[in-house]
Amino acid sequence: MKEKLDRLTENLDFSLLFAVVFLCFYGLLVLYSSTRLATTEGGDPYFFVKRQSLWALLGFIFFTIIIFIDYHNLERYSKVVYFGAIVLLIMVIFAGRATYGARRWLAIGPFDFQPSEFAKIALIAFLADFLSKNKQKLDNFFYYLLPFAYTGLLILLVFMQPDLGTSLVYLAILIIMLFVVGVKIKYLVFTFLAAISSIPVVWVFLIKDYQKNRWILFLNPNLDPLGGGYNVIQSRIAIGSGGFLGNGIFSGLQSQLNFLPAQHTDFIFSVVGEELGFVGTILLLGLYAIILWRGIKIALEARDLLGTLLAAGAVSFLFFHIVVNIGMAMGMFPATGLPLPFLSYGGSFMISNLMAIGILLNVELHKVKW
Amino acid sequence: MRESSTVPEDVKQRLNWLLIFVVICFAILVISLWYLQMIKGEEFKKRAVENCIRSLVEDAPRGRIYDRQEELLVTNRPAVVVSIIPAEVDNLEKLSERLSRIIAISSEEISQIVKNYRENPFKPVKILDDCKTNKIIEIEERKDELKGVVLELKPRRNYLYHDFAAHSLGYVGEIDKEELQRFGNPKFQGGDIIGKAGLEKYYDDILRGEKGGKEVEVDALGQEIATLLYQKPVPGKDLVLTIDKDLQLYGENLFFGKKGSIIVSDPNSGEILALVNRPSFNPNIFANGISNSNWQRLSSDADYPLTNRSVQGLYPPGSIFKVVTAIAALEEGVTDRKRKIYCSGSIELAGQVFTCWKETGHGSLSIVDGIAHSCNIYFYTLGKDLGIERFNEYMQKLGLGEKTDIDLPAEAIGIIPSAQWKKREVKEIWFPGDTINLSIGQGYLLLTPLQVHTIICAIAANGEIYKLHLVKKIISADGKTVMEIKPELYKKVDFSPDTFQIIKEGLRQTILKGTGWRANIKELAVAGKTGTAQNPQGETHAWFIGFAPYDNPEICITVFLENGGEGGEAAAPIARAMLEKYFNIKN
């Protein structure tokens with residue numbers, strides 16, 4: 001045990017760990033600023049912060065467990081994890097709790113959790129195991145399509161909730177992992193072209209009218225000036241008005257007026273922008289950059305392909321969320337409802353973020369044989 | 001100790017490409033943030049401090065409704081709503097005080113309404129609906145001291161002829177919680193206006209249109225300085241009804257102060273020319289959001305003015321139903337043109353004595369005379385000979401006990417008693433006496449006036465029953481015909497031509513020498529049947545059904561007077577007046 005701990009301190013990537021812990025505290029501060037005036041039962045201004053801290057602690061427990069299980073055990077349990085995710089997602093469809101017309105939550109005791117978040121980690125583990133074992137076979141085009149089928153099943157289940165954003169995350173994870181494992185570029189290009197050309201077919205035959213409306217709004221929020229478009233305009237003003245130093249924490253004019261319905265979840269970046277300015281947003285981006293850079297480095301230095309792919313999967317998950325969320329807050333992407341890692345309020349998401357970091361450190365720790 | 005990595009070189013190559021991609025994405029984010037916060041920062045700061053963005057919903061005007069000659073019946077008028085935008089109010093107490101001096105709402109009430117609303121402080125909260133012009137001017141004049149108050153223009157439903165055809169047209173109102181949950185987002189939001197009854201409800205999707213909205217920037221004084229986004233509302237589509245305004249109005253005037261329905265339709269297409277229901281109500285009082293006292297008055301009125309009697313009211317049809325008995329008996333060979341039955345004024349059947357309405361008796365009658373004089377004894381005998389099972393078959397064939405599928409909501413289906421029905425609902429076995437009662441349209445039998453009307457339509461068109469409907473076509477706001485409603489065969493009953501011929505003769509004789517003589521018109525061959533239905537609510541219901549001209553029916557008519565007395569005395573003259581009006585016969 002002592003030897004294990006020694007190796008831990010010897011091999012652990014402290015800059016990565018530091019960035020994550022810093023981000024969690026940074027997130028709690030911004031969360032407090034954006035929710036302290038929100039009316040909740042009992043009027044506790046720390047309501048959201050307390051809960052989020054609890055999720056973060058829980059996340060660190062998961063994180064610690066993941067670190068100590070050698071990732072090579074995955075060979076035995078990657079399929080179990082994948083099918084477990086599918087079972088949970090099916091349960092959501094039949095027994096999930098619905099909010100705003102979407103079924104996304106499963107209740108365990110007093111808490112609700114979102115299986116689609118854990119499915120992200122499950123997908124990374126499963127794909128890493130599958131792709132590392134079958135790297136050579138992927139040159140065969142039909143074999144190349146197999147991981148699309150596995151991921152497609154998860155996408156379908158999540159799409160039924162309906163949760164468009166999360167299904168896009170699954171797709172991003174798959175594409176980046178396929179890219180990293182070295183499939184032929186022409187296959188990826190072909191897939192892209194096929195996807196684009198199939199849109200009209202899917203549109204006409206598979207998608208119902210109300211789903212079409214959702215897609216139209218997704219592609220062009222300006223069609224719904226009182227919904228998504230409104231948020232984006234307000235968010236841009238909030239970020240822009242922060243200037244260099246920001247208005248100061250707790251003093252964002254737009255943020256404190258509580259005009260953004262999702263300012264503690266999907267639009268929390270606009271609170272950072274308004275209250276902490278360019279300095280605050282660059283600090284945030286810098287912390288994310290450390291995580292992604294260290295993550296790719298871990299992938300490069302991994303002992304074997306399985307480790308590389310696990311790390312690459314974790315990186316792609318965090319990377320996609322970061323870029324899409326911040327891009328959305330600045331009005332560069334349509335509002336898809338993807339939260340910002342370590343900052344957005346939400347228990348399942350916080351835990352899945354920390355599990356991804358756990359995967360990275362696990363690969364790092366096992367780059368040498370113990 | 002450390003083994004060399006087994007990760008293939010091509011994978012490492014790909015990871016380096018991934019790193020480059022991540023760097024590019026981050027660079028784009030940094031540049032965008034630089035642009036937004038450093039270059040545009042001052043501008044946005046100004047906008048955030050001085051300007052506010054306001055989103056205003058612009059309701060789509062609801063489709064208009066026309067009569068068959070495309071004369072306007074229902075339209076929209078502009079109404080001004082006084083609202084407050086909570087985020088723009090500096091001092092709510094002072095503002096409420098000032099506003100209450102102009103409009104007749106106390107300042108406490110105003111501030112309470114604003115405080116109770118806490119969803120989105122930038123969304124206007126409605127204070128006063130349909131503000132009067134002089135008050136609008138006063139608010140406009142004092143705009144400077146009323147910061148946070150906005151005037152919104154909203155289309156308001158306007159029923160031009162007030163209680164005219166109110167039950168068919170229906171009314172609109174604000175969507176309620178239940179409806180919001182059922183239809184929900186994104187189609188509807190709280191405060192939306194939807195059809196609540198009648199055609200307004202049935203054709204709500206067509207009439208409603210799609211609301212638009214705009215995002216405007218306003219300065220510190222609340223003046224609009226720029227429109228950021230604008231989506232034009234899509235107006236609803238218009239309905240052209242089959243209703244003839246003049247005929248409908250004529251019928252409503254004939255029925256003034258009475259209770260009941262008149263239905264006039266074309267048996268060859270199912271188009272309804274008049275659908276009179278009395279007593280009526282004024283749908284305009286719903287358009288403004290009905291007041292509690294008005295609602296109490298309307299919903300607790302013992303005469304049920306909100307009920308559409310012709311589609312929702314259930315009544316015993318009385319002697320009108322004898323034509324159904326006659327059809328069944330003729331088709332089953334229980335009787336024919338020649339069979340005579342003697343009426344002495346009473347008869348003993350199944351151990352019970354049944355009487356005719358004519359105590360002295362009708363003497364010996366053929367079926368044509370039986371119909372013409374509405375002899376009870378004749379039809380008791382047919383009913384007894386038929387038996388309930390065979391009798392039921394024909395009711396079913398005629399579509400009785402089913403909805404007529406008229407384009408109105410909440411249609412009732414009525415009660416068609418049968419042996420099984422009685423066992424289930426009354427927990428008693430079926431007695432032969434029940435069949436005998438049924439043969440003259442009494443007993444458990446209950447029909448809507450519209451169902452009764454389909455009986456006469458079926459006879460007039462020799463068995464072809466067209467779906468009754470009120471909408472002729474749907475036109476878009478720019479006047480193009482979107483859809484034309486074609487006659488649709490609802491049911492085809494294959495009774496023999498002889499049966500129809502005998503029944504029609506009976507109906508013609510009813511007018512010429514029988515109980516319907518008050519509907520006789522010299523210039524026009526009318527055929528019809530009267531009915532006087534006993535009911536537990538008191539005075540008998542008066543019925544008349546008929547068609548004209550006899551040889552080539554153009555229209556069918558049903559007149560129903562709730563507790564109106566005798567069919568021949570009360571209903572037949574009204575049918576006559578309606579027919580004279582339709583065929584333009586001066587009297």
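A residue is buried if 20 or more other C-beta atoms lie within 10 Å of its own. Leu241(B) has 29 C-beta neighbours inside 10 Å, and therefore counts as buried. The model is predicted, and the positions below are read from that prediction.

Leu241(B) belongs to strand E10 of chain B, which spans residues 238-241. Neighbours within four places in sequence are set aside in listing its contacts. What remains is Ile65(B), Tyr66(B), Asp67(B) and Arg68(B), together with Leu470(B), Val471(B) and Lys472(B). His469(B) gives a further view of this site. Leu241(B) and His469(B) are 228 residues apart in sequence. In space, their C-alpha atoms are 8.8 Å apart.

Chain B as a whole was then examined. It has 587 residues, of which 44% count as buried. Its secondary structure contains 22 helices and 23 strands. Contacts between residues at least 6 apart in sequence were also counted. In chain B, 72% of these contacts join residues at least 24 apart.

Strands of a sheet pair through backbone hydrogen bonds, either parallel or antiparallel. One open sheet in chain B has five strands, and its pairing is antiparallel. The strand order is E12-E11-E23-E22-E21. Strand E12 (272-278) and strand E21 (527-535) of chain B are the edge strands, and each pairs on one side only. From one strand to the next, the twist averages 5 degrees.

Within this sheet, strand E11 of chain B (residues 260-265) pairs with E12(B). The sense is antiparallel, and six bridges hold the pairing. Ile263(B) has Leu275(B), in E12(B), as its bridge partner.

Helix H20 of chain B (residues 449-460) lies across E11, strand E22 (538-548) and strand E23 (555-561) of chain B. H20(B) runs at about 150 degrees to E23(B). Helix H22 of chain B (residues 567-582) also packs on the sheet. H22(B) touches E11, E21, E22 and E23 of chain B. The direction of H22(B) makes about 35 degrees with that of E22(B).

A hairpin was found elsewhere in chain B. It is formed by E14(B) and E15(B), with two residues between them. Strand E14 covers residues 346-349 and strand E15 covers residues 352-355. They pair in the antiparallel sense over four bridges. Ile347(B) stands opposite Phe354(B), which lies in E15(B). In the turn, Ala350(B) has a positive phi of about 50 degrees.

Helix H16 of chain B (residues 376-386) is mostly covered. Nine of its eleven residues are buried.

Attention now turns to chain A. This chain has 14 helices and three strands. Of its 370 residues, 48% are buried. Among contacts in chain A between residues at least 6 apart in sequence, 72% join residues at least 24 apart.

Two packed helices are described by the angle between their axes and the distance between the axes. Two helix pairs in chain A were treated in this way. In one, helix H5 (residues 115-133) and helix H6 (residues 141-159) have axes that come within 11 Å. These axes cross at roughly 175 degrees. Angles over 145 degrees count as roughly antiparallel, so H5(A) is roughly antiparallel to H6(A). H5(A) contributes Ser116(A), Ala119(A), Leu123(A), Phe126(A), Leu127(A), Phe130(A) and Leu131(A) to the contact. H6(A) contributes Pro147(A), Tyr150(A), Thr151(A), Leu154(A) and Val158(A). By class, ten residues of this contact are nonpolar, two are polar and none is charged.

The other pair joins helix H13 (residues 305-329) and helix H14 (residues 347-365) of chain A. Their axes come within 9 Å and cross at roughly 150 degrees. H13(A) and H14(A) are therefore roughly antiparallel to each other. Their crossing is left-handed. On the H13(A) side, the contact residues are Gly307(A), Leu310(A), Ala311(A), Ala314(A), Phe317(A) and Leu318(A). On the H14(A) side, they are Asn353(A), Ala356(A), Ile359(A), Leu360(A) and Val363(A). This contact has nine nonpolar and two polar residues, with no charged ones.

Conventions. Residues numbered from 1 in each chain as written. Chains lettered and ligands numbered in written order. Predicted model: local features only at pLDDT ≥ 70, side-chain atom pairs only at ≥ 80, totals over all residues. Axes fitted to C-alpha atoms, helices over the stretch in contact; angles between N-to-C directions. Parallel < 35°, antiparallel > 145°, perpendicular 65-115°, else oblique. Left-handed = near helix turned anticlockwise from the far one by under 90°. Contact = placed C-beta atoms within 7 Å. Nonpolar A, V, L, I, M, F, W, Y, C, P; charged D, E, K, R; others polar. Buried ≥ 20, exposed ≤ 12 C-beta atoms within 10 Å, placed from the backbone. Pairing = 2+ DSSP bridges.
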